[in-house]
Amino acid sequence: MTATPRRGTPAPALRSRPPSAPAEKDRTESNVRMAMTLEEAPWLGWLLMKALMRFAFMVVNNLVAIPSYICYVIILQPLRVLDSKRFWYIEGIMYKWLLGMVASWGWYAGYTVMEWGEDIKAVSKDEAVMLVNHQATGDVCTLMMCLQDKGLGRAYRDQQLLLLKKHLENNYRSRDRKWIVLFPEGGFLRKRRETSQAFAKKNNLPFLTNVTLPRSGATKIILNALVAQQKNGSPAGGDAKELDSKSKGLQWIIDTTIAYPKAEPIDIQTWILGYRKPTVTHVHYRIFPIKDVPLETDDLTTWLYQRFVEKEDLLSHFYETGAFPPSKGHKEAVSREMTLSNMWIFLIQSFAFLSGYMWYNIIQYFYHCLF
């Protein structure tokens, strides 16, 4: 039998309950976030100011260095007629200085490079092609930094195959160029990965995640244009065991693999503004003598696929362990820290600004004389 309250009996007063635990937790986390934001405000302000100063310096640097380079090339045109080889040698040095300025932007932001695998300085005086995986716009800047201490000058790469062939035939060899940097994937990893995987699935090819399947068109044109042929029709090239080979023509393929910590590539905006914390980019090299590279289209495509499958394994090992695996025949992997000379950077920057000042005064003088 259920008891019912008597009529007129006042209802018990409702007790006030304390705030729920989740609400209190949210309020606490909000306060912590606000405190962290206030504490980080000076650091964020300094980061923004530093980025603006770096951007302003690079704009001025380009406005001074590039016009100065063009003026020097124009004024040296008589030398091009009299001694073409010497002209292109001087032009190559000046172009290398321009690339050195770009490399210094990342260097001073703390974006350094660690090199692995074979030492490519051994073949720096020979003609070679670098096959590089492509992840972001910062890949080019990384290579600019890597090549600064290899004694190399300007390298060319055109995306349109017919223009590339024409350029190689008319300009590359006559200007005594040594190395070509090639990105066979034809685009950034994030943009081409899905298409490449679909193509691989359709054609029963390797399924890759850290790289994409390369395209062989540009590689074939470069090899056909630059590889010297022996009398028996086979390619003349160096031997991996004898890197002092003096044979003419393209001699080496340098398989180059770029790896970023946590698979987070650096883009050109980060390289310029420097808002990312200092990081080390890792670059792995393997040298293949050109005589071991097939020149026929189908065989060359298969050979390129094999190299990128190996790149996939190299990158997988790096992302798992933080280091590249040992080279064949070695028990331990050896890395080399790539460094730039601060004095050398200071000298080329000083030369650029002094040249800019000189050319400004010369142009101003002639302007006043004419007008």
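Reader: Why is W97 called partly exposed?
Author: This is a predicted model, and in it W97 has a relative accessibility of 27%. Buried means under 20% and exposed means over 50%, so W97, at 27%, counts as partly exposed.

Reader: What makes F351 partly exposed?
Author: The relative accessible area of F351 is 35%. That value also lies between 20% and 50%, so F351 is partly exposed.

Reader: How many aromatic pairs are there by the rule for ring centres?
Author: The count comes to 13 aromatic pairs.

Reader: Why is the pair of W97 and F351 called edge-to-face?
Author: The ring centres are 5.3 Å apart, which is within 6.5 Å, so the two rings pair. Their planes stand at 75 degrees, and over 60 counts as edge-to-face, so the pair gets that label.

Reader: What does the pair of W97 and F351 tie together?
Author: W97 belongs to helix α3 (residues 84-108) and F351 to helix α10 (residues 342-370), so the pair ties together parts 254 residues apart in sequence. W97 and F351 also form one aromatic cluster with Y72 and W359.

Reader: How do you know that the charged end of R307 sits over the ring of W303?
Author: The charged end of R307 is 4.7 Å from the centre of that ring. The distance cut-off is 6 Å, with a further limit of 35 degrees from the ring normal; R307 is listed as sitting over the ring of W303.

Reader: Which ring does the charged end of K311 sit over?
Author: The charged end of K311 sits over the ring of F308, 5.3 Å from its centre.

Definitions and conventions
Residues are numbered from 1 along each chain as its sequence is written. This is a predicted model: local features need pLDDT of at least 70, side-chain atom pairs count only at pLDDT 80 or more; totals for chains, interfaces and linings use all residues. Side-chain values use heavy atoms; hydrogens and water are left out. Rings of Phe, Tyr and Trp (its six-membered ring) pair if their centres lie within 6.5 Å; planes under 30 degrees apart count as stacked, over 60 as edge-to-face and the rest as tilted. Helices (H or I, at least four residues) and strands (E, at least two) are DSSP runs, numbered from the N terminus. Buried means under 20% relative accessible area, exposed over 50%, partly exposed in between (1.4 Å probe, protein chains only).
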